[in-house]
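Take a look at it first, and then we'll go from the overall fold down to single side chains.

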Amino acid sequence: EDEQGWKRRYGAERLEDGDELLEVDGVAVAEKMSVEALRSLLVGPVGSAVEVRVRRTLPQDTPSSSGATSRDVMVRTTRRLGSGEALTPPAPQRQDAGVGLTLRRDEGGGGFRVRRVQIEGPAWRSGAVKVGDSILQVGGTEITGWGMDKVLLMLNGGPGSGVDLVVQQAAPSDASPFHIRLSRVA
């Protein structure tokens, strides 16, 4: 698949949840860059152009002749943060543990689909949960219509604790939902 086809298929022209920031206007972003340094790259006249290079994890069902699991993507967008506005550091991460899944809202049914399975995470190690599968229940409770925050609160918990999921496989489409218990890890 050519670059343009890939962009049309995966929406590379906009930033997406889970993108790893690599570069802003040709300047590499360091792993532990200060908020002030990052602000100097991101802040400018509102509406001015900015070019951002991100690393995007490819869905597991994406064929890759090289075996790559991610791809660097250039995104051209406009600044939305003016020079007089504050860039706040991210909120401290909760010390909860998770099951290694990134979810997205399912456009069709109000539920959630697996967008990414973290390599070496509990879901990946189980071998049962795949990108594109739907999560129907968390902890014995149906999650259709829930907000993402509530689902994440249910998925996360103390390290070593378990969480029960009911999953509907994306393929084959006639597969019955299955139950799986995953142990959370930090």
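Among contacts in the chain with a separation of 6 or more, 59% join residues 24 or more positions apart. Keep in mind that this is a predicted model. The chain is built from four helices and 10 strands, and if you read along the sequence, the pattern goes α-β-β-α-β-β-β-β-α-β-β-α-β-β. There are 186 residues, and 35% of them count as buried. As for the surface, the chain exposes about 11,100 Å², with carbon and sulfur atoms supplying 51% of that area.

In soluble globular proteins, nonpolar side chains tend to be buried together. Here, the largest nonpolar core has 21 residues, and the ones touching the most other members are Leu101, Leu103, Ile135 and Leu165. Which elements give two or more residues to this core? They are strand 5 (101-105), strand 6 (112-117), strand 7, helix 4 (148-155), strand 9 and strand 10. Another core lies apart from that one; it has seven residues, among them Val29, Val50, Val52 and Val75.

Leu103 is a handy place to start looking around. Leaving out residues up to four places away in sequence, its contacts include Phe112, Val114, Ile135, Met148, Val151 and Leu155. Arg113 and Arg115 are also touched by Leu103.

**Charged pairs**

How many salt bridges does a search of the whole structure find? It finds two, and here they are:

| Salt bridge | Closest N to O distance |
|---|---|
| Asp164 and Arg181 | 2.9 Å |

Asp164 itself is partly exposed, at 24% relative accessibility.

Asp133 is worth a stop. You'll find it in the loop between helix 3 (122-126) and strand 7 (134-138). Asp133 is buried but has no salt bridge; Arg113, the nearest side chain of opposite charge, is 6.5 Å away. What does the side chain of Asp133 have 2.9 Å from one of its polar atoms? That would be the backbone nitrogen of Ala170. Leaving out residues up to four places away in sequence, Asp133 touches Phe112, Arg113, Val114, Ala128, Val167, Gln168, Gln169 and Ala170.

**Around strands 9 and 10**

Pro177 is in the loop between strand 9 and strand 10, and it is partly exposed, with a relative accessible area of 44%. Pro177 and Ser134 are 43 residues apart in sequence, yet their C-alpha atoms are 9.1 Å apart in space. Setting aside neighbours within four places in sequence, Pro177 is in contact with Leu136, Val166, Val167 and Gln168.

Further along, Arg184 lies in the segment after strand 10. Is Arg184 buried or exposed? At 9% relative accessibility, Arg184 counts as buried, because the cut-off for buried is under 20%. Its side chain reaches the backbone oxygen of Gly162 at 3.2 Å.

**Two more stops**

Arg53 belongs to strand 3 (residues 49-57) and is partly exposed, with a relative accessible area of 23%. Although Arg53 and Asp19 are 34 residues apart in sequence, they are 9.3 Å apart in space, C-alpha to C-alpha. If you skip residues up to four places away in sequence, Arg53 touches Glu20, Leu21, Leu22, Glu23, Asp72, Val73 and Met74.

Last up is Glu120, in the loop between strand 6 and helix 3. Its phi is near 75°, a positive value in a residue other than glycine. Glu120 is partly exposed, with a relative accessible area of 48%.

Conventions:
Residues numbered from 1 in each chain as written. Predicted model: local features only at pLDDT ≥ 70, side-chain atom pairs only at ≥ 80, totals over all residues. Heavy atoms only, no water. Buried < 20%, exposed > 50% of the residue type's maximum accessible area, 1.4 Å probe, protein only. Contact = heavy atoms within 4.5 Å. Salt bridge = Lys/Arg side-chain N within 4 Å of Asp/Glu carboxyl O. Lys, Arg positive; Asp, Glu negative; His and termini not counted. Polar contact = N/O pair within 3.5 Å; in protein donor to acceptor, adjacent residues only side chain to side chain. Areas by Shrake-Rupley, 256 points an atom, 1.4 Å probe, with all protein chains shown as cover. Core = buried A, V, L, I, M, F, W, Y, C linked by side-chain atoms within 4.5 Å.
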